[in-house]
Every structure is written in structure tokens, then in C-alpha cells.
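Thanks for coming. I will go through one structure, starting with a side-chain contact and then moving to the sheet and the helices.

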Amino acid sequence: MSAIALAEIRAARERISDAVVRTPVVAYDDRIQLKLESLQPIRSFKLRGALNAMRAQELQDVVVTASAGNMAQGVAWAARALGVRARIVAPENAPRAKLDRVEELGGEVLLVPHEVWWQTMVDRGHPDVPGLFIHPVEDELVMAGNGTIGLELLEDAASFDTVVVPWGGGGLTTGIASALRALRKEVRIVTAEPETAAPLAAALRAGAPTEIEYRPSFVDGAGGRALLPTMWDRARGLVDEAVAVPLDETREALRLLATRAGVVAEGAGALALAVALRRTDRCVAIVSGANIDASVYAEILAA
């Protein structure tokens with residue numbers, strides 16, 4: 001099945017409601033609303049899934065994940081709260097600002113080449129890093145935690161036709177779409193990726209996963225080199241449209257969030273607004289996070 005069961009999403013809400021923020025939905029204008037996951041304790045939605053996965057199963061002394069930053073922070077935050085160690089397998093090009101925060105939270109970081117990091121996700125673990133592996137994307141408990149955002153949208157947002165979600169690996173989209181498909185099937189699910197790393201948009205055009213040209217950018221929390229096979233199967237059943245967003249549009253969305261809405265966002269967090277601005281229907285844009293290097297952010301705002 002492509003969707004996460006509604007019962008699992010509701011159970012996740014019970015597990016994590018004491019620790020995560022019920023983030024506000026605010027109006028950007030008379031057509032677009034913003035769901036501010038950037039206001040979570042780790043400045044990213046990732047806490048929802050990480051905490052749900054860890055509270056829902058028996059923990060070992062060490063939990064492990066593979067992450068370039070935000071999931072690493074979610075696992076490290078939850079591990080500290082639950083009294084276990086967190087070890088993070090991260091790609092060598094991961095943003096230093098995000099890794100510094102992981103270490104501040106008590107996480108132990110192992111930097112590896114990008115190919116090794118990707119293989120860690122494929123293999124669901126690293127041979128040199130023992131512990132309970134929390135998959136940042138494919139874990140259904142993680143996706144159920146992410147799905148609590150969908151429940152909040154249905155309860156807190158004004159009327160909307162479309163939800164725009166940044167696509168990194170697909171766990172956020174799957175969770176939100178699962179809740180909405182169960183409770184309001186007519187809502188459209190649109191994903192946003194940077195055009196420099198847009199495997200889902202390419203796959204939906206081709207009807208199957210296809211090789212893409214990957215170029216790293218300041219949008220480090222969304223997009224990727226390829227789709228995990230299980231997430232392609234989920235996307236086909238849940239996503240109505242995928243949009244590859246030019247970097248210039250993403251920069252402009254970052255500036256607009258700051259100047260018109262007073263919202264700090266990272267590149268991935270601005271993608272959804274960039275797509276919503278193209279549309280004419282009533283949209284909710286998921287501002288997924290705000291963990292951006294200060295110098296990069298200042299440069300974008302000053303341009």
C-alpha cells in the first residue's frame with residue numbers, strides 16, 4: 001500500500017503531542033497559507049517522525065540514522081530526551097551549521113562519502129555503526145509521525161484545495177498525503193524539488209524512476225540524486241504533481257518569507273511557497289525547516 005494507515009498517524013499524535021509543537025498555520029496572502037514547521041524545537045518537522053519511531057519501539061543503547069542534517073537533529077534531540085546515544089552517518093558535504101547543532105544535542109557524527117551515505121540508507125544501516133537504525137525516509141513510524149502535520153492542517157487551516165510539500169526522500173509527503181487521502185480525498189498533493197536535484201519530477205514525467213543530473217546547491221534539505229524504490233511506489237499512489245523549482249525562484253521565496261511574512265526558512269522550506277506562488281488555487285505551503293547557514297542566508301537576502 002502507498003499510504004500510511006490513519007490509525008497509525010493518530011497513534012503517533014498521542015505519542016508525541018507532549019514534545020512537538022502544534023505549529024501555526026498563518027496567512028501569507030488571501031490565497032496561500034503557511035504551515036510553519038520551522039518553529040519546531042529543532043527548527044524542522046523531522047522531530048515528529050524521529051520521536052514517534054523511537055517512542056514506538058524498544059530502544060537499544062544507541063540509535064542510528066543517516067542524515068545530512070535535519071533528521072540527524074531530530075534523532076539527536078529525541079535520543080537526549082529518552083536517555084540514549086545517537087550516532088549519525090552524514091555525507092561529507094553536509095552543511096556545517098546543521099552538523100554543529102547535531103553535536104550540540106549530543107549526537108556523534110560519522111562523515112562518509114556521499115555514495116557510502118546513500119548506501120547506508122539503502123542497506124538500512126552501516127557496518128561500522130551498530131544500533132537501532134531509524135530510517136530517515138522509509139520507516140513507516142517516521143512517516144506516521146510526519147502525518148500528524150496533515151491532521152493539524154485539517155483542524156487548523158482555513159479552506160484549501162492543494163497542499164504543497166517539499167520532497168526530499170518522500171517521508172514528509174507520504175505522511176501528510178496519507179492523512180489527507182484518508183480524510184479529505186479531494187485535496188491535491190503537489191511536491192516541490194530544486195531543479196538541480198529533482199528525481200521525482202523526472203520519474204513522474206517518464207512514468208518510472210530515471211537517471212537525472214544532480215548538482216548540489218543551497219537547497220540541501222530537499223531533492224536528491226535518485227528515488228528510493230519503495231518511495232517511488234508510494235509517490236505514484238499519493239502525489240498529483242511534482243514541480244522542479246529553479247534556484248532563482250527558491251531564493252526569491254526565501255526573501256518573500258522573510259520580508260512579507262517574517263519567517264526564516266532554509267532552501268527546502270521555501271520550495272513550497274515558490275510553487276504555491278505559481279498556482280491560482282487555495283494552497284497550504286509546508287515551510288519544512290529553518291536550518292540554513294547564516295552566511296548563505298545573508299547573501300540571499302542581500303541580493
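A charge counts as sitting over a ring if NZ of Lys or CZ of Arg is within 6 Å of the ring centre and within 35 degrees of the ring normal. This is a predicted model, in which local features need pLDDT of at least 70 and side-chain atom pairs count only at pLDDT 80 or more, while totals for chains, interfaces and linings use all residues. Residues are numbered from 1 along each chain as its sequence is written, and side-chain values use heavy atoms, with hydrogens and water left out.

By that definition, the charged end of arginine 184 sits over the ring of phenylalanine 160, 5.2 Å from its centre.

Now the sheet. Helices (H or I, at least four residues) and strands (E, at least two) are DSSP runs, numbered from the N terminus; strands pair if DSSP finds at least two bridges between them. The sheet is open, with 4 strands in the order E5-E4-E3-E6 and parallel pairing. Strand E5 (108-112) and strand E6 (132-133) are the edges, each pairing on one side only. Strands E3 (residues 62-66) and E4 (residues 85-91) run parallel and are joined by 5 bridges; valine 62 has arginine 85 in E4 as its bridge partner.

Last, two helices. How are H2 and H6 oriented to each other? Helix H2 (residues 46-55) packs on helix H6 (residues 140-156) at about 130°, axes 7 Å apart; axes are lines fitted to C-alpha atoms, for helices over the stretch in contact (heavy atoms within 4.5 Å), and angles run from 0 to 180 degrees between N-to-C directions. H2 and H6 are therefore oblique, as angles under 35 degrees count as roughly parallel, over 145 as roughly antiparallel, 65 to 115 as roughly perpendicular and the rest as oblique.
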